[in-house]
Amino acid sequence: MKKWWKESVVYQIYPRSFCDSDGDGVGDIPGIISKLDYLKSLGVDVIWLSPVYPSPNDDNGYDISDYKDIHPDFGTLADFDRMVAECRARDIKIIMDLVINHTSDEHKWFKLAKQNDPIYRDYYIWKKGKLKGKKELPPNNWTSFFGGDAWKKEGEEYYLHLFSTKQPDLNWNNENVYREIKEVLAFWLDRGVAGFRCDVINIIFKTSLEDGKKHLALTGKEHYVSKEGAHEILRRLRKDILSKYDCFTVGETVLVNTQMARDLCSSERGELDMVFGFEHMESDQIGYKWFKRKFRLSRFKKVIDKWQRELEWNTNYLENHDQPRSISRFVPRDAPKIPAAKMLGLMVLSLRGTPFIYEGEEIGMTNGDFESLDEIMDVESHTIDKLAVKLHFPKSIRWKMIKYTSRDNARTPMQWNNSENAGFTSGTPWLKVNSNYKSINVENQSGDKNSVLSFYKQIINYRKNSPALLRGDYKMIKSSANTFFFSRDCGTEKLIIMLNFSDSRVKINMPPNEIQVSNFPLADKVFLQPYEGRIIKLAKQ
Ligand code: TEU
């Protein structure tokens, strides 16, 4: 089958924050349908929908209580089918988020498991506590991704939760779990979806429940990161289900290195088609995301270059619903936002691989302008704050950590126009709208040929017609410390992409060439402007 997804531009929708059609303050499927023409005009080929399943929303849908239905906040299965049909009419495909490391604690399987049901108990991972003197401790020392213990006591035993206490981990040693999830995949593929983004897919299989080596974060990880058991499950899912449909999968893979990514994506093994690595997203963090350090382009370039060289094909992205906005982290705070947002967009869309754009990135949305923890909804931020209180971190430090790293930075409602609530809802939005919506919004930018949005449209269109950008080889070109240059070459077409990450002009020294795209309409052949991104085509020699 043709790997059509290699030539696609994927757009991630976080449904709660995209567009609300009924005024309840939460985005929904009819809202998404109303914006499909917008997405088509942007040049989007595939939509990745963050979870729309029923969920108590402890983690905004990443805690699923029914895999085969739609949350009433988002609409109904009939709305979903209509969305698929409306997408098909515009030649847009949809991929779903598949969250199968854990369910919600309100899923019927877990409710039965808690009651010691002979079948469902074993769908989850249970163990007795450990006695230390008279004190009972959790079964092992593992810590959760959101901070604190990875176990919660329920009755006589503890259950494992690598995320929040309301997200019990499934037991992938149980064949029934495999069978149930296999049916979930078929259910959505039969409804017309074109694949899945597989949440934390490389940690689903736990090899043992022994104590882990102590780490600053994620103690226990050596017992579950990228284990053979997970590889095997993915191979079985491909053989039993995925291979029967024209679809693709992209794995969200935590703590993955290029070797692990290659093992997951190699075509002989056929486990996943692509992964999201995180190494480049860590170039402004120390060890774990709560400790921020200055962004260093040298580190960032090195990581991007390594992933480009070492993987035959992969994803390119700078944003998603878990990460602060790119414009608020990969360029200095005082950088001019419009050219910088365009330059970052040019990078994502011109590297080798499938580009993923996150809602709002195409208009240069920035981090949320939250003033206190009360305005933040994210379970991760609140869990970390509680832990930091226990560790006696002063309030000002706690707030600083959360303000710059909270996942809610990217979850603020989509900014459609300059009417109240940015045109996102006629009600009260579930999360505060960024007050910069009056200047940063889709409507303002649609009519402005110099806007970030117009630039995205231009590059996407350019990409669709450029064999070098779609399929060409990648090579980094040596350049100064403040710039990132690389070539894309497919024999008939040789392009060079130049990105200036600094506020100074940079002299360029290139053979005869033609400027194809630049975020500065009057681009100069001798100098790159501050935050300029450009594509040049080398004249045939
Ligand atoms: O994220 C997994 C994951 O690694 C994140 O917890 C990440 O460490 C953190 O968000 C970085 O800030 C996925 C989903 O994308 C996330 O929204 C869910 O909360 C999580 O899985 C659990 O399902």
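**Figure 1. Salt bridges across the model.** The whole structure holds 38 salt bridges. A salt bridge here is a side-chain nitrogen of Lys or Arg within 4 Å of a carboxyl oxygen of Asp or Glu. This is a predicted model: local features need pLDDT of at least 70, side-chain atom pairs count only at pLDDT 80 or more, and totals for chains, interfaces and linings use all residues. Residues are numbered from 1 along each chain as its sequence is written, and side-chain values use heavy atoms, with hydrogens and water left out.

**Figure 2. The salt bridge between Asp211 and Lys130.** The N to O distance is 3.2 Å. The two residues are 81 residues apart and link distant parts of the chain. Asp211 sits in the loop between β9 (195-198) and α6 (228-240). Lys130 belongs to strand β5 (residues 130-132). Helices (H or I, at least four residues) and strands (E, at least two) are DSSP runs, numbered from the N terminus. Asp211 is partly exposed at 39% relative accessibility. Lys130 is also partly exposed, at 33%. Buried means under 20% relative accessible area, exposed over 50%, and partly exposed in between (1.4 Å probe, protein chains only).

**Figure 3. The salt bridge between Lys306 and Glu279.** The closest N and O atoms are 2.9 Å apart. Lys306 lies in helix α8 (residues 297-310). Glu279 lies in the loop between β11 (274-276) and β12 (285-286). The pair therefore ties together parts that are 27 residues apart in sequence. Lys306 is partly exposed, with 24% relative accessibility. Glu279 is partly exposed too, with a relative accessible area of 24%.

**Figure 4. A buried pair and a network.** Asp199 and Arg197 form a salt bridge, with their closest N and O atoms 2.7 Å apart. Both Asp199 and Arg197 are buried. Elsewhere, salt bridges link Asp59, Asp322, Asp378, Glu380, Arg407 and Arg411 in a network.

**Figure 5. The β7-β8 hairpin and its sheet.** Strands β7 (residues 151-154) and β8 (residues 157-160) run antiparallel and are joined by four bridges. Two strands pair if DSSP finds at least two bridges between them. Trp151 has Leu160 of β8 as its bridge partner. Lys153 is partnered by Tyr158 in β8. Two residues separate the strands of the hairpin. Gly155, in the turn, has a positive phi of about 70°. The open sheet has three strands, in the order β4-β8-β7, with antiparallel pairing. β4 (126-127) and β7 are the edge strands, each pairing on one side only.

**Figure 6. Nonpolar cores.** A nonpolar core is a set of buried Ala, Val, Leu, Ile, Met, Phe, Trp, Tyr and Cys residues joined through side-chain atoms within 4.5 Å. The largest has 160 residues. Tyr11, Leu49, Phe80, Trp172, Phe196 and Phe501 have the most contacts inside it. Another core, of eight residues, lies apart from it and includes Phe485, Met498, Val506 and Leu528.

**Figure 7. The surroundings of Trp172.** Trp172 touches Ile100, Asn101, Val177, Tyr178, Ile181, Ile204, Phe205 and Ile233. Residues up to four places away in sequence are not counted. Contact means heavy atoms within 4.5 Å.

**Figure 8. Cysteines without disulfides.** The whole structure has zero disulfides, a disulfide being a pair of cysteine sulfur atoms within 2.5 Å. The closest cysteine sulfur to that of Cys19 is in Cys87, 14 Å away and too far for a bond. Cys19 is buried, at 7% relative accessible area. Cys490 is partly exposed, at 28%.
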